[in-house]
Amino acid sequence: MKRKTLWIAAGLAALAVGVTGLVLAQKKYTIVTVVKITGINWFNRMEEGVKEYAKETGNNAYQTGPAQADAAQQLKLIQDLVAKKPDAIAVVPFDPAVLEPVLKQALERGIKVITHEADNQVNTLYDIEAFDNVAFGARLNERLAKCMGYSGKWTVFVGSLGSKTHNQWADGGIANAKKYSGMQLVDAKQETADDAEKAYQKAKEILKKYPDIKGFQGSASTDVAGIGRAIEEAGLNDKVCVFGTSLPSIAGKYIETGAVDGIGFWDPKDAGIVMNKVAQMVLEGKKITDGMNLGVKGYEKVSVTKGPGQGFIIRGNAFVDVDKSNLKDYNF
Amino acid sequence: MALTSPPQTRSPFSVWQALVQRPELLTLTLVLLLALVIGLINPVFFTPQSLFDLLRASTVTGIFALGVLLVLAAGGIDVSFTAIAAFCLYTTTLLVLNVAPDAPFALPLLISIGFGLLLGLLNGLIVHRFRAPSLIVTIGTQYMIRGFLLAFIGTKHIMNIPEGMDRFGRWSLFQFTTAEGARASLPVAFLLLVAVALLTWWILSRTLLGRAIYAVGGSVPIAERLGIPVRSVYLFVFGYAGLLAGLGGLVHASLNQLANPFDLVGTELDVIAAVVLGGARVTGGTGTVIGTLLGVVLVVMINNSLILIGVPSTWQKVVIGAIILLASGVFSRRKLA
């Protein structure tokens, strides 16, 4: 009787050790993705990626963010998270400077910090950028050039002359167009203040000054909407090519009518997956190196460079080209 | 010094006097001069299409400017109207989309005007109640209204505006095809500016209220002694400016085919510059509808012709500033005389 009890106890103990070992071997990580604002299409799309990652890996990965586009609220949310101490946080900062202290605190507590769209963030281990901005601008321009038959007058708009990314896109485009002797740049970098109405008025003025204009490249997401409307009103859908950075939810209407020929952007769903994957690799003690394949489309051969702080910047080639043929695939 | 002026200066003196009495003549001169200069540099400017573009681009700015005119005439200033306009256009679009997406244009129009009127009245109430400078009050309400809009109503661009607004925005008054095969058109929305201009003119020059507005703008203590209800005048001018902001905002979204909550704020100085260049004084008591409309044409023409005359984008703001400075310099000489 006594011996039997002992055996059972021993068996239970063995089982307990075994189960513990199993749990240890498959430690589940908690990775929290913090976005700029919840409830908008862009970040809903990112959440699809986070959920897909959680389902595939079994890790406890989820997305959160302030209900309002507000740097202070995002800061507060991350402060609360740091207190809870998840294994890693993946942040899309509203204002990188505002978050520096809290991200420093998180790193000091041993939380792994990954960021996205913040190549000036100091307190991060890896910042993930979908692509190199100059290359993105060149790619948009290449599509424009092809549409124009590599010749004719063209121009490029920017939201403001002070916007770093817009200027990088525009410069990338201008450099690309120089490859073709027939492409003639006119009145470059008109400012549209991210206002479709301004883009419309500038486009009309350009059309008036150069009735033979063949192409427009936009930078602000509203640029192609304004240009597209001017083209549509003038009845020039088939004569003028329009490409630019935008989203299907903003430019879709004009892509359908043909006033806008194509747009480019990056897919937040893929960015969400990559952020979580990188977080997991860091937790597993792995390093991300130049040329590595992260297993997500557009991030098969990433470039890794030194960031402004201790961390690194990972750049993919995650361009998404949308035109009439694949417009329906993107719902944001 | 001779006590009598020499006879040969009489002729320029009377021209000068005419300009003092009718400042809108000065604005008209500036408009014509500028048009001539632009047209000489690029003859494309002298086409009916350009005229249409100018009138179209003046529509929203003009509606805003007429509201600002009343506030300036009453001795106040309003910088919150662009925030009110953005609030009205976005909230109205959302509301109509969710409640009655197929409603005719009149519904969003009334809602937007209603919101604008309420927010404008709030401005008037604060300005009068706390005897606060209207510049400070409206800077405050501009931030508040815009902040509330972006924090609680929404930040997403709405491309699919309600059917009624969409149709109104595309509705043309005139349309023709240019020699190059491009279409040019003037939207019906322009008629709203005409209607608002007539209404404002009627209020200012044909009603007791108009006299009261100028009186309050001239001197509040004297107006009070004359028995003018200053509070009502303040409520009226700010309410009117708010109402027109609501109207202008909705027209902006309809023409733009897009409800963007980030639009308009930042353009208020262009509008105020237009009103001042139209002859209204920032110190109050003056200003006419025709002058304001000419001021709007002047500012819109400067803004929308810089590409035509080949000013590089980095220099455009410098040129706009220089022309406004030049014009206001001419105006201040008028005041000295």
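The structure is a predicted model, in which local features need pLDDT of at least 70, side-chain atom pairs count only at pLDDT 80 or more, and totals for chains, interfaces and linings use all residues. Residues are numbered from 1 along each chain as its sequence is written, chains are lettered from A and ligands numbered from 1 in the order in which they are written, and side-chain values use heavy atoms, with hydrogens and water left out.

Chain A is assigned domain 1 (30-131 + 267-318) and domain 2 (133-265), with bounds that come from an automatic or database domain assignment. Domain 1 of chain A contributes 6 residues to the contact and domain 2 of chain A contributes 7 residues, contact meaning heavy atoms within 4.5 Å. Taken over C-alpha atoms, the centres of the two domains are 31 Å apart.

Together, domain 1 and domain 2 of chain A bury about 480 Å², with 64% of it on carbon and sulfur atoms; buried area here is the accessible area (1.4 Å probe) that two parts lose on being put together, summed over both. On the side of domain 1 of chain A, Trp42(A), Phe131(A) and Asp267(A) lose the most area to domain 2, together 77% of what that side buries. Across this interface, 0 salt bridges are found (a side-chain nitrogen of Lys or Arg within 4 Å of a carboxyl oxygen of Asp or Glu).

As for confidence, the predictor gives the complex an ipTM of 0.85 and a pTM of 0.84. Chain B averages a pLDDT of 90, and 93% of the residues score at least 70, pLDDT being the predictor's confidence in each residue, from 0 to 100.
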